[in-house]
Amino acid sequence: MPSNRPKPDFSDVESGSSSTAPRPSTPASERSYTVRKGDSLSKIAKREYGDAQQWRRIYEANRETIENPDLIYPGQVIRIPE
Amino acid sequence: MIARFRLASLLAGAAVLTSSGCKKDSESAATKDVAMAPAEEVKISSVELGRQVGPDKRVTAQQDDFTPRDTIYASVLTTGSAPTATVVARWTFEDGQVVKEDSRSIAPNGAEATEFHISKPSGWPKGEYKLTVSVGGSTQSKDFEVK
């Protein structure tokens, strides 16, 4: 029988993590880019690499700061791997 | 207060504008694999749950039942080495409702322990929960209960 209980609200859940392993080192060939209004990862990839599908490279290099690759914000500083 | 609301509205609008172009050129984030890091050799050896972890990032006393006010710790033990690997922890409630999803990029060198923890100031609803962790192609799940 389906439950009529309303779904609980988990929006206030707090979280964190730590590890014995170090963070991956940042390659010297990376540089930073400040997101502008109207940017998306695919647009940045198109501009930087000439291929919009390369947005994954940028996303992977910024996994710690970009939670959702469809949501980046003007003023956000991201790393552009070479 | 009004200025703060206006600022929030502007930021929200800007975020929508900023995000609008991504879906045109690529698939939606909802359909993408969350663990894409090149970590072929890194595998999960075990997952531990408990109320606290030690300096070695391992759970000090394993358990699978908690109280609503507990901070829940998970220690993900991995083997293998890679310049970069992404450990993903997905916490779900009963029918699959996502409680929280976190990831951590690591550069593992042999046996490592990565801990994730969650807390809920207003208290955890009682019921069955599941933690699913993955790194590369290695996945493990752990069930626990809040009583």
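A residue counts as buried when its relative accessible area is under 20%, as exposed when over 50%, and as partly exposed in between. Keep those cut-offs at hand for this tour of a predicted model.

**Stop 1**

Select B:Glu48. At 5% relative accessibility it is under the 20% cut-off, so B:Glu48 counts as buried. B:Glu48 sits in strand S1 (residues 43-50) of chain B, while B:Arg58 sits in the loop between S1 and strand S2 (65-66), so the pair ties together parts that are ten residues apart in sequence. B:Arg58 is partly exposed, at 36% relative accessible area.

**Stop 2: strand S4 of chain B and its neighbours**

Move to S4(B). Eight of its nine residues are buried, so the strand is mostly covered. Show S5(B) next. S4(B) and S5(B) run antiparallel and are joined by nine bridges. To see the pairing, pick B:Ala89; opposite it in S5(B) stands B:Asp102.

Then show strand S7 (residues 127-135) of chain B. It runs antiparallel to S4(B), with seven bridges between them. Pick B:Val88; its bridge partner in S7(B) is B:Ser134.

Select B:Glu101 and B:Arg90, whose closest N and O atoms are 2.6 Å apart. B:Glu101 lies in strand S5 and B:Arg90 in strand S4 of chain B, so this pair ties together parts that are eleven residues apart in sequence. B:Glu101 is partly exposed at 28% relative accessible area. B:Arg90 is also partly exposed, at 35%.

**Stop 3: a salt bridge in chain A**

Switch to chain A and select A:Asp39 with A:Arg47. They form a salt bridge, the closest N and O atoms being 3.3 Å apart. Which of the two partners is buried, and which is partly exposed? A:Asp39 counts as buried, at 4% relative accessibility. A:Arg47 counts as partly exposed, at 42%. Over all chains, the structure holds eight salt bridges.

**Stop 4: where the chains meet**

Show both chains together. The contact takes 51 residues from chain B and 42 residues from chain A. About 3,900 Å² is buried between the two chains, and carbon and sulfur atoms give 52% of that area.

Look for charged pairs across the boundary. There are two salt bridges between chain B and chain A. One of them joins the side chains of A:Asp12 and B:Lys120, at 3.1 Å from N to O. Across this interface, 16 residue pairs are in polar contact.

Now colour the side of chain B that touches chain A. Helix H1 (2-19), helix H2 (22-25), strand S4 (85-93), strand S5 (97-106) and strand S6 (112-119) each supply at least two residues to it. S5(B) gives the most, with nine residues. By type, this side divides into 22 nonpolar, 14 polar and 15 charged residues.

**Stop 5: a strand pair across the interface**

Finish with S6(B) and strand S1 (residues 14-19) of chain A. How many bridges pair these strands? There are six, and the pairing is antiparallel. Select A:Ser19; standing opposite it in S6(B) is B:Thr114.

Notes
Residues are numbered from 1 along each chain as its sequence is written. Chains are lettered from A and ligands numbered from 1 in the order in which they are written. This is a predicted model: local features need pLDDT of at least 70, side-chain atom pairs count only at pLDDT 80 or more; totals for chains, interfaces and linings use all residues. Side-chain values use heavy atoms; hydrogens and water are left out. Contact means heavy atoms within 4.5 Å. Buried area is the accessible area (1.4 Å probe) that two parts lose on being put together, summed over both. A salt bridge is a side-chain nitrogen of Lys or Arg within 4 Å of a carboxyl oxygen of Asp or Glu. A polar contact is a pair of N or O atoms within 3.5 Å; within protein, one must be able to donate a hydrogen and the other to accept it, and residues adjacent in sequence count only if both atoms are side-chain atoms. Helices (H or I, at least four residues) and strands (E, at least two) are DSSP runs, numbered from the N terminus. Ala, Val, Leu, Ile, Met, Phe, Trp, Tyr, Cys and Pro count as nonpolar, Asp, Glu, Lys and Arg as charged, and the others, Gly among them, as polar. Two strands pair if DSSP finds at least two bridges between them. Buried means under 20% relative accessible area, exposed over 50%, partly exposed in between (1.4 Å probe, protein chains only).
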